[in-house]
Amino acid sequence: MTESIQSIKERLKSIQRIDDPTLESLRNDPRKGVQQALVSFERRLKKEALIKEKYEEMFCFEKQGYAQGHQWIAGIDEVGRGPLAGPVVAAAVILPKNEIILGLNDSKQLSEKKRELLSQQIQEKALAIGIGIIDQQAIDEVNIYEASKLAMIQAVENLSIAPSYLLIDAMTLDLPIQQEKIIKGDARSVSIAAASIIAKVYRDQLMKEYDVLYPGYGFSHNAGYGTKEHLEGLERQGITPIHRKSFAPVKKYLQ
């Protein structure tokens, strides 16, 4: 009995090699649907190969750290420097040495659905995750740059495993731990990318909760950034307790 095209499509999902011997009979199958399924299969393998290649490129900083004898390497990143409201949130993540999480990248380059999926995988596989949160009051007191550093330090201190090597996105921290500052690190290091995703998903969820407390500004989808809806909310309702009073245009609404 001839195998159905749907059955072949399902079978192709489990094949991971372009030279798999079972493919030969499919290549000789004259049915158009089978040939289209083979094209889709080959496209999938090429895409997966590129993702694996990208992961290997982004693993280079971790590889250097392991070569130096470091066992616990933490990637650190923050989100929320630019918004007019809400805290700055940082994450520190220690990934297992031999565990691959494909698709890790700068959180800003990923869809919300992809970020949430990767965040779940990171939480399941990471050896340790630390979160640092510096609120709007502290941001107003010390400025956003220093607040970002404080959030990162807090994230490192909240790790359940003490790291001996830090990979940090464009920052140097006042910590007695060997560290490397990496420009655009969230797109160049898997550990920093993981931290970027964890911090982004965490802060976005926080801002959705604030949207319930302070409706009318669009916090659930603008994360506190100065969108048209947010600025109109400021004009109409004034500032909330989570607004950063040192930021323009929030300043002009101070009583």
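Buried, in these legends, means under 20% relative accessible area, with exposed over 50% and partly exposed in between (1.4 Å probe, protein chains only). The views come from a predicted model, in which local features need pLDDT of at least 70, side-chain atom pairs count only at pLDDT 80 or more, and totals for chains, interfaces and linings use all residues. Residues are numbered from 1 along each chain as its sequence is written, and side-chain values use heavy atoms, with hydrogens and water left out.

**View 1. Tyr-55, Phe-59 and Tyr-66 are linked into a cluster by ring pairs.** Let us begin with the aromatic rings. Rings of Phe, Tyr and Trp (its six-membered ring) pair if their centres lie within 6.5 Å; planes under 30 degrees apart count as stacked, over 60 as edge-to-face and the rest as tilted. The whole structure holds four such aromatic pairs. One of them joins Tyr-55 to Phe-59 in a stacked arrangement, at 6.2 Å centre to centre with 20° between the planes. Phe-59 also pairs with Tyr-66, and here the rings are tilted, at 6.2 Å centre to centre and 40° between the planes. Tyr-55 is buried because its relative accessible area is 6%. Phe-59 counts as buried at 13% relative accessibility, and Tyr-66 does so at 15%.

**View 2. The charged end of Lys-97 sits over the ring of Tyr-66.** The distance to the ring centre is 5.0 Å. A charge sits over a ring if NZ of Lys or CZ of Arg is within 6 Å of the ring centre and within 35 degrees of the ring normal.

**View 3. Asp-29 lies in the loop between helix H2 (23-27) and helix H3 (32-58).** Helices (H or I, at least four residues) and strands (E, at least two) are DSSP runs, numbered from the N terminus. Asp-29 counts as buried because its relative accessibility is 15%. Its side chain makes a polar contact with the side chain of Arg-31, at 2.9 Å. A polar contact is a pair of N or O atoms within 3.5 Å; within protein, one must be able to donate a hydrogen and the other to accept it, and residues adjacent in sequence count only if both atoms are side-chain atoms. Apart from neighbours within four places in sequence, Asp-29 is in contact with Ile-8, Val-34 and Gln-35.

**View 4. Leu-23 lies in helix H2.** At 0% relative accessibility, this leucine counts as buried. Not counting residues up to four places away in sequence, Leu-23 touches Leu-12, Ile-15, Arg-17, Ile-18, Leu-38 and Phe-41. Leu-23 and Leu-12 are 11 residues apart in sequence, and 8.8 Å separates them C-alpha to C-alpha.

Notes:
Contact means heavy atoms within 4.5 Å.
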